[in-house]
Amino acid sequence: LDDAFQHRRMGRDLDIVLIDATNPFGYEYVLPRGLLREPLEGLKRADVIIVTKANQISEKELRNLENRLQVMVPDLPVLLSNHQAGEVIPLFVEGENVDKEHPVFAVTAIGSPASFHKTLEQEGYEVGMELSFPDHHVFTEQEIASIFKTGLSKGMTQLVITEKDAVKWRPLLEGKELPMKVSVLPICIHIWQGETLLQERLRSLVERV
């Protein structure tokens, strides 16, 4: 859940806090000066920390992050994970999929569009054009039509969006002829350090029920 760590009244059995490796401490300040929802001392309430996008920073930066967490919360396990791309699929089953021979138009309404662009490039796609909306943006049919028009005016013929945004796009485009290829890049989380520990914690919770 977004910001559930700060929702003190919510029942919980295990607090798993995610830390974005590309901006781990939200510019060091709470909102509105930074991105933190509460002071960093609050991490002491966590049970497990998972560093996400650990593959998008250098090894030195990752070691520095781990060392800082070790000082801040020495008794907490710190797991490392990557955002892992799935296979790009057409927005609609009958649609035509994007290819790697031509640049793609990346359109997002997520918290970290740069991460999405980087993942596309790591998968072998050339991001020829980018357009980012605020996180959780609710698209309208008129906006999507304008997005297509903007892309076409720049010579773009194929567009890629996130799974999160695809949920909002499908109802608006169902049954319509699309002016360019529109595909979706699924993203999943791969924990490559500490997954066994997390599984053990979750198993102990299940056994307790």
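In the predicted model, the second largest pocket has a volume of about 210 Å³. Its lining consists of 14 residues, and F92, G95, E96, K176 and L178 are those nearest the centre of this pocket. By residue class, the lining of the second largest pocket comprises seven nonpolar, two polar and five charged residues.

For the largest pocket, a volume of about 1900 Å³ was computed. The lining of the largest pocket is formed by 48 residues, with D2, D3, L18, I19 and D20 closest to its centre. Two or more lining residues are contributed by each of strand 1 (16–20), helix 2 (113–122), helix 4 (163–173) and strand 9 (187–193). Strand 1 supplies the largest share of this lining, namely five residues. The lining of the largest pocket contains 23 nonpolar, 14 polar and 11 charged residues.

The overall architecture was examined next. The secondary structure of the protein amounts to five helices and nine strands, and the order of these elements from the N terminus is β-β-α-β-β-β-α-β-α-β-α-β-β-α. The C-alpha trace extends over about 55 × 40 × 35 Å along its principal axes. Of the 209 residues of the protein, 40% are classed as buried.

The packing of helix 3 (residues 141–153) against helix 4 was then characterised. In general, a pair of packed helices is described by the angle between their axes together with the distance between those axes. The axes of helix 3 and helix 4 come within 10 Å and cross at roughly 95°. Helix 3 is therefore roughly perpendicular to helix 4, since angles of 65 to 115 degrees fall in that class. On the side of helix 3, the contact is made by E141, I144, I147 and F148, which meet W169, L172 and L173 of helix 4. The residues of this contact divide into six nonpolar, no polar and one charged.

Just after helix 2, G124 adopts a positive phi of about 95°.

S81 is located in strand 3 (residues 78–85). Its relative accessibility is 0%, and S81 therefore counts as buried, the cut-off being under 20%. Residues up to four places away in sequence being excluded, S81 touches I50, V51, T52, K53, A54, N55, I189, H190, I191 and W192. E66, a residue of helix 1 (residues 59–72), has a relative accessible area of 18% and is therefore also assigned as buried. With residues up to four places away in sequence left out, E66 touches L80 and Q193.

Y29 lies in the loop between strand 1 and strand 2 (48–52). This residue is classed as partly exposed because its relative accessible area is 38%, a value in the range between the cut-offs of 20% and 50%. When neighbours within four places in sequence are set aside, Y29 is in contact with G34, L35 and L36. A separation of 39 Å was computed between the C-alpha atoms of Y29 and L172, which are 143 residues apart along the chain.

The loop between helix 3 and strand 7 (158–162) contains G155. With a relative accessible area of 52%, G155 is assigned as exposed, the threshold for that class being over 50%. The C-alpha atoms of G155 and G128 are 9.6 Å apart in space, and the two residues are 27 residues apart in sequence.

Conventions: Residues are numbered from 1 along each chain as its sequence is written. This is a predicted model: local features need pLDDT of at least 70, side-chain atom pairs count only at pLDDT 80 or more; totals for chains, interfaces and linings use all residues. Side-chain values use heavy atoms; hydrogens and water are left out. On a 1 Å grid over the protein atoms alone, a cavity is a set of points where a 1.4 Å probe fits but cannot get out, and a pocket is an open set with protein on both sides within 12 Å along at least five of seven lines; lining residues have an atom within 4 Å of a point. Grid points are joined across faces, edges and corners, and a volume is the space filled by probe spheres set on the points. Helices (H or I, at least four residues) and strands (E, at least two) are DSSP runs, numbered from the N terminus. Ala, Val, Leu, Ile, Met, Phe, Trp, Tyr, Cys and Pro count as nonpolar, Asp, Glu, Lys and Arg as charged, and the others, Gly among them, as polar. Axes are lines fitted to C-alpha atoms, for helices over the stretch in contact, and angles run from 0 to 180 degrees between N-to-C directions. Angles under 35 degrees count as roughly parallel, over 145 as roughly antiparallel, 65 to 115 as roughly perpendicular and the rest as oblique. Contact means heavy atoms within 4.5 Å. Buried means under 20% relative accessible area, exposed over 50%, partly exposed in between (1.4 Å probe, protein chains only).
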